[in-house]
Amino acid sequence: MALAAGRAMLMRSGVRLGTQAAARGGNGARRFMNHRVVVEPNTVPGVAVIKFKNPPVNSLTLEFLTEFVICLEKLENDKTFRGVVLTSDCPGIFSAGLDLREMCGKNPAHYAEYWRAVQEMWLKVYLSNLVLVAAINGTSPAGGCLIALSCDYRVLADNPRYRMGLNETLLGLVVPFWFKDTLVNTIGHRASERALQLGLLFPPAEALQLGMVDQVVPEDQVQSTALSVMTQWLAIPDHVRQLTKNMIRKATADHLIKHQEADIQNFINFISRDSIQKSLQVYLENLKQKKH
Ligand SMILES: CCCCC/C=C\C/C=C\CCC/C=C/C(=O)SCCNC(=O)CCNC(=O)[C@H](O)C(C)(C)COP(=O)(O)OP(=O)(O)OC[C@H]1O[C@@H](n2cnc3c(N)ncnc32)[C@H](O)[C@@H]1OP(=O)(O)O
């Protein structure tokens with residue numbers, strides 16, 4: 001998505017770009033702040049840390065997706081940066097996945113706009129020229145898991161309460177083919193068959209065993225480990241690493257790019273069904289009730 005289109009989407013969504021601020025931290029480093037995404041240059045040269053800050057659960061609202069894509073585009077266009085660590089500012093939650101309210105009780109035009117934003121976010125992350133390392137410091141179901149799976153490397157906090165996986169079937173939803181492809185590319189066909197049909201959410205030890213994450217470390221070491229892994233990736237010259245990444249990922253991304261409009265139409269048709277709307281409402285209601 002072009003930056004201009006993203007800005008237009010932000011405007012349509014009622015987000016004022018004027019609220020974005022550039023400040024200087026104690027070490028003089030730039031720190032870009034949006035509403036929902038905070039970008040901090042880190043102590044490792046050439047590396048930024050993106051913190052998701054969309055409380056309470058970092059759900060992927062239209063506004064969040066737009067800010068996230070704009071942040072990544074800015075970092076890609078700023079040649080100072082070669083790598084980004086993605087992490088969360090919301091305690092215990094990396095991201096709760098797609099925002100269920102964006103998919104519930106809205107009209108087809110909204111569903112189209114939302115789904116395009118989800119697609120564009122995935123393409124941006126999956127094909128990024130930057131090295132992306134996910135520092136997964138909380139639970140990451142469905143869309144949250146997709147973001148992590150689309151990075152080049154995943155470090156997960158060793159907390160048995162944190163779960164990770166594509167749980168769409170538990171919500172009465174069918175996993176989109178490109179979510180499925182991303183998982184299959186990471187953990188293989190057989191493990192994906194089981195994980196996707198049963199909507200499994202894995203604790204850290206199982207996620208590691210499956211290859212869904214590359215490392216599980218104590219919670220207070222997630223970001224530092226991600227940064228030290230980054231150093232290893234940045235030892236490779238950008239152009240050869242980027243060409244290699246593209247060679248491996250292009251076919252998967254091209255599959256969506258080729259069918260992008262049909263995928264949007266499928267999403268609208270599917271999500272607009274009365275039975276699906278009902279399932280989502282019940283799921284949201286259950287989330288609310290579990291508190292009482
Ligand atoms: C046949 C042809 C097929 C064609 C197919 C075509 C297209 C495919 C169609 C659809 C594909 C959709 C793909 C969907 C992907 C997704 O990502 S769906 C989202 C999945 N996410 C979840 O299941 C997570 C749900 N949330 C939780 O489990 C928990 O909230 C938690 C993240 C573990 C955090 O728990 P806790 O800390 O206890 O917080 P609360 O549960 O109390 O939540 C706080 C408030 O946040 C609200 N909330 C939680 N998650 C979401 C969410 N994803 N979206 C929106 N809102 C969310 C929750 O309701 C609470 O709100 P209130 O404070 O009660 O108002």
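The exercises below work through a strand, a nonpolar core and a pocket of one predicted model.

Residues are numbered from 1 along each chain as its sequence is written. In this predicted model, local features need pLDDT of at least 70, side-chain atom pairs count only at pLDDT 80 or more, and totals for chains, interfaces and linings use all residues, while side-chain values use heavy atoms, with hydrogens and water left out.

**Exercise 1. Determine how many residues of strand E4 (residues 47-52) are buried, and which strands pair with E4.**

Step 1. Strands (E, at least two residues) and helices (H or I, at least four) are DSSP runs, numbered from the N terminus. Buried means under 20% relative accessible area, exposed over 50%, and partly exposed in between, with a 1.4 Å probe and protein chains only.

Step 2. In E4, 6 of the 6 residues are buried, so the strand is largely enclosed by the rest of the structure. Val-47, Val-49 and Lys-51 point one way, whereas Ala-48, Ile-50 and Phe-52 point the other way.

Step 3. Two strands pair if DSSP finds at least two bridges between them. Strand E3 (residues 37-41) runs antiparallel to E4, joined by 5 bridges, and Pro-41 stands opposite Ala-48. In the hairpin of E3 and E4, 5 residues lie between the strands, and Gly-46 takes a positive phi near 80 degrees.

Step 4. Strand E5 (residues 83-88) pairs with E4 in the parallel sense over 6 bridges; here Val-49 stands opposite Val-85.

**Exercise 2. Find which residues touch the most other members of the largest nonpolar core.**

Step 1. A nonpolar core is a set of buried Ala, Val, Leu, Ile, Met, Phe, Trp, Tyr and Cys residues joined through side-chain atoms within 4.5 Å.

Step 2. The largest core has 67 residues, and Ile-50, Phe-68 and Leu-280 touch the most other members. Helix H3 (residues 108-126) gives the most to this core, with 10 residues.

Step 3. Contact means heavy atoms within 4.5 Å. Leaving aside neighbours within four places in sequence, Phe-68 is in contact with residues including Ile-50, Phe-52, Met-121 and Val-125.

Step 4. Another core, of 18 residues, lies apart from the largest one, and Val-85 and Leu-227 are among its members.

**Exercise 3. State which residues of helix H5 (177-187) are buried, and what covers them.**

Step 1. The buried residues of H5 are Trp-178, Phe-179, Asp-181, Thr-182, Leu-183 and Ile-187.

Step 2. Their cover includes H3, helix H4 (143-149), helix H9 (238-258) and H10.

Step 3. Just after H5, Gly-188 takes a positive phi of about 95 degrees.
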